[in-house]
Amino acid sequence: MKDSPLKCDFPETDLEQQLDTRRFRTYGARLASPPAKRVKGISDSSKDMDHGVAYINERFMDIRTAFSILRRYMLGIVGLFMMAVLVLMWVVDQFYSEALIATAAFFVPVWIGFYLFEVFFPLTLPVRLDRKEGVVYVAHRGTFYRIPWDELEVTFSYNWQYFGSGVMWEKQYYSHLYLKEKYYFCGTAPKKNLQRKRISSYFKEEHLYRKWNFIVRYYDEGVAKEDVKNLSGINYESYKESVNNKSVGILILDYLSVILFMPSIIWWKFAPFKYRWPKEVEAIFGKANYY
C-alpha cells in the first residue's frame, strides 16, 4: 500500500531519522512544535479528554501517555469480555454438561492474571506541563527532563496495522515527544543524545489532533469552564467530588458502572507500586503524584 502524508499542514521533519535506534517504522512525520500551534479546523475542547488527563489546575496539567491510557481501560474491557464468555457458557451448560466448568478453568486464571499484572506492574508518571514556568517535565526510564515549552518538539506520524488474513490494514496515528540530552534535569543521566516518548496513539487521526489542540489551548488559556465538567472523572479524587451531591441510589449505580467499566480509576488510587516524581520536582509542586 502506498504511504500518504498526514492531513495536517505542519512541516515534515527528519527527527525520527536522528534516533540511534528505531523501535518501529513510522511514516509522514509532521512537526507540531516548536512553536506549538493548533491544527486548523479541529476542536480544542476537553470533551472526551478525561482518558488523557491525570490532573489539571491553573498551574499545571498531568498528561497521560499512550500506555497509561491503554491500562486505564484494560481491566474494564477484559472484565466485560470474561463475564460475557462465562454467561454464554452457562447457557451452553444447560445443554452440554460441564461446559461452564471447563471454560472457567481456562478463563478465570487468565482473568486473575490481568489483575495481577495491574497489581505488580508499576504505574508510570504522566507528562507534566507547567504553565507558570513555561516548561514540560518528562520521566523516561529513570531520567527526568525539563523542556522549555517554546523548544518542545512534538511530531505526528502513523504506521500501518495488520488486522487479519483478509489483508485488512488500518493506519494507527501517534504523537511523540523528543527528549534531548541538553534538557536533562535529574535522575539517571541519559544514555542517548536523543530519545522519544509516545504521548498519544489513536486509530482516528482527528482524535490525535484534538488531544494536541486541547493541550495547546490549556497552555495558552488555562482551565476553561467546560473543563471542570468534562474532566470530572480523570482520577478517583475528582470522581468522588463529582458524585457527592447524587442520591444514594444513583451513587450506587454510578460506582457499579465504574467498577465494571473502569476499575482502574479506583485501583490506581491504592496501587502499591508507583513511580514518583523526584525530590527536585517535588520541591516545586509538592508531593503531587497523579496517574
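**Cavities, pockets and packing**

The second largest cavity comes in at about 40 Å³, where a cavity is a set of points on a 1 Å grid over the protein atoms alone at which a 1.4 Å probe fits but cannot get out. The volume is the space filled by probe spheres set on the points, with grid points joined across faces, edges and corners. All of this rests on a predicted model, in which local features need pLDDT of at least 70, side-chain atom pairs count only at pLDDT 80 or more, and totals for chains, interfaces and linings use all residues. Residues are numbered from 1 along each chain as its sequence is written, and side-chain values use heavy atoms, with hydrogens and water left out.

Phe67, Ser68, Arg71, Leu123, Thr124, Trp268 and Tyr291 line that second largest cavity, lining residues being those with an atom within 4 Å of a point. Helix 1 (residues 66–93) supplies the largest share, 3 residues; helices (H or I, at least four residues) and strands (E, at least two) are DSSP runs, numbered from the N terminus. Sorted by class, this lining has 4 nonpolar, 2 polar and 1 charged residues. Here Ala, Val, Leu, Ile, Met, Phe, Trp, Tyr, Cys and Pro count as nonpolar, Asp, Glu, Lys and Arg as charged, and the others, Gly among them, as polar.

In total, the structure holds 2 cavities of 30 Å³ or more. Strand 4 (127–130), strand 8 (169–180), strand 10 (194–202) and helix 3 each put at least two residues into the lining, and helix 3 gives the most, with 4.

Along with Phe156, Leu177 touches the most other members of the largest nonpolar core, a set of 37 residues. Such a core is a set of buried Ala, Val, Leu, Ile, Met, Phe, Trp, Tyr and Cys residues joined through side-chain atoms within 4.5 Å; buried means under 20% relative accessible area, exposed over 50%, and partly exposed in between (1.4 Å probe, protein chains only). Helix 3 (residues 205–221) is again the top contributor, giving the most to this core with 8 residues. Neighbours within four places in sequence aside, Leu177 is in contact (heavy atoms within 4.5 Å) with Val127, Val138, Ile147, Leu152, Glu153, Val154, Gln195, Arg196, Lys197 and Ile199. A second, separate core has 15 residues, including Phe60, Ala271, Val281 and Ala288.

Moving on to open space, the largest pocket has a volume of about 1,300 Å³. A pocket is an open set of points with protein on both sides within 12 Å along at least five of seven lines. Its lining runs to 43 residues, with Arg23, His140, Arg141, Lys197 and Arg198 the closest to the centre. Helix 1, strand 5 (135–140), strand 6 (143–148), strand 8 and strand 10 are the elements that give two or more residues to this lining. By class, the largest pocket is lined by 20 nonpolar, 12 polar and 11 charged residues.

The second largest pocket holds about 280 Å³ of space. Ile56, Leu231, Ile234, Ser238 and Glu241 lie nearest its centre, out of 15 lining residues. Two or more residues each come from strand 2 (53–56), helix 4 (225–230) and helix 5 (236–242), with helix 5 giving the largest share at 4. This lining divides into 7 nonpolar, 5 polar and 3 charged residues.

Tyr137 is buried at a relative accessible area of 1%, whereas Phe185 is partly exposed at 30%. Tyr158 and Trp160 also pair edge-to-face, because their centres lie 6.3 Å apart and their planes stand at 90 degrees. Tyr158 is buried, at 1% relative accessible area, while Trp160 is partly exposed, at 22%. Finally, Phe10, Trp149, Phe156, Tyr209, Trp212 and Tyr219 form one aromatic cluster.

Methods. Phe/Tyr/Trp six-rings, centres within 6.5 Å; stacked < 30°, edge-to-face > 60°.
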